[in-house]
Amino acid sequence: MSEKVLAIENLDFGYTQERLLYEDFSLHVNIGEVVCIVGASGSGKSTLFELISGNVKAQRGNIHAASLSQIFQDPYTSFHPTYTILNQIKDVASLDGLDVLCEALNLDEVLLHQKPHQLSGGQLQRCSILRALLMKPKLLLADEPTSALDNITGLHVMQLLMQCLDSVGILLITHDKALAQWCGDRMIELKS
Ligand SMILES: Nc1ncnc2c1ncn2[C@@H]1O[C@H](COP(=O)(O)OP(=O)(O)OP(=O)(O)O)[C@@H](O)[C@H]1O
């Protein structure tokens with residue numbers, strides 16, 4: 001049986017008492033699985049990652065997550081503006097496998113010596129994916145990981161993420177139901 005890397009049990013959460021975004025919500029992710037979260041803007045998709053990361057606390061329920069890394073929706077807020085990309089990657093991850101991953105992400109290693117504002121949004125998003133994979137997580141939280149990429153690059157990135165599934169479980173936020181159907185083992189639709 002494959003290892004469980006995320007268990008959410010009977011979660012209640014709302015930023016206010018009047019509007020619960022999650023009510024008795026449960027979700028499990030195993031290594032080897034891609035679980036997709038879809039739903040309208042404001043339905044609570046990014047909030048789920050905030051809950052899993054421990055940045056906000058649920059009113060009720062339990063969350064158990066294995067070692068995780070995250071790919072954020074906005075590549076520009078993913079990195080500190082004043083340090084080079086490489087320094088920021090080194091702070092949190094080993095560089096083992098850097099060359100192979102850079103090649104798979106079509107990312108010139110020279111770019112890693114630059115500061116975030118010197119890269120395009122798509123280059124920065126691929127750096128964010130590189131950092132997340134070098135952290136060798138068991139659980140990968142990916143919030144619209146291909147939003148800054150053209151269709152072909154986005155497809156290659158998704159294929160790369162899926163190649164990692166022997167050692168990781170992926171929770172993927174996407175507005176793209178076709179993508180969710182293509183790559184997801186399960187799709188959870190949040191209601192607004
Ligand atoms: N820190 C916060 N304090 C109060 N309300 C918040 C906070 N963060 C988000 N919200 C509200 O919670 C709801 C869910 O927000 P969230 O960002 O999780 O939605 P989303 O589904 O990820 O949206 P999008 O697709 O637009 O990124 C929204 O109504 C939002 O205004």
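**Parallel sheet and flanking helices**

In this predicted model, five strands form an open sheet in the order E5-E6-E7-E3-E8, and their pairing is parallel. Strand E5 (68-71) and strand E8 (186-190) are the edge strands, each of them pairing on one side only. On average, and with direction ignored, neighbouring strands of the sheet are turned by 15° against each other. Strands of a sheet pair through backbone hydrogen bonds, in either a parallel or an antiparallel sense. Between strand E3 (residues 34-39) and E8, the parallel pairing extends over five bridges, and Val-38 stands opposite Glu-189 in E8. Helix H1 (residues 45-53) lies across E3, E5, E6, E7 and E8, and runs at about 150° to E6.

The buried residues of H5 are Val-157, Met-158 and Leu-161. When H5 is seen down its axis, these buried residues fall within an arc of 100°, and they therefore line one face of the helix. An α-helix has 3.6 residues a turn, so residues three or four places apart point the same way. On the other side of H5, Ile-152, Gln-159 and Gln-163 are exposed. The cover over the buried residues of H5 includes both helices and strands, among them helix H4 (121-134), strand E6 (139-143), strand E7 (169-173) and helix H6 (177-183); of these elements, E6 and E7 also belong to the five-stranded open sheet.

A corresponding analysis was made for helix H2 (residues 85-92), in which the buried residues are Ile-85, Gln-88 and Ile-89. Seen down the axis of H2, these buried residues fall within an arc of 100°, so that they line one face of the helix. Helix H4 is included in what covers the buried residues of H2, and H4 is likewise included in what covers the buried residues of H5.

As to the record, an unreviewed UniProt entry carries the annotation "domain: ABC transporter", which covers residues 6-192. In the model, the end C-alpha atoms of residues 6-192 lie 24 Å apart, and the span is 31% helix and 26% strand.

Key: Residues numbered from 1 in each chain as written. Predicted model: local features only at pLDDT ≥ 70, side-chain atom pairs only at ≥ 80, totals over all residues. Buried ≥ 20, exposed ≤ 12 C-beta atoms within 10 Å, placed from the backbone. Helix = DSSP H or I, 4+ residues; strand = E, 2+ residues; numbered from the N terminus. Arc of directions from axis to C-beta. Contact = placed C-beta atoms within 7 Å. Pairing = 2+ DSSP bridges. Axes fitted to C-alpha atoms, helices over the stretch in contact; angles between N-to-C directions. UniProt positions renumbered as here; feature names shortened; annotations may be inferred.
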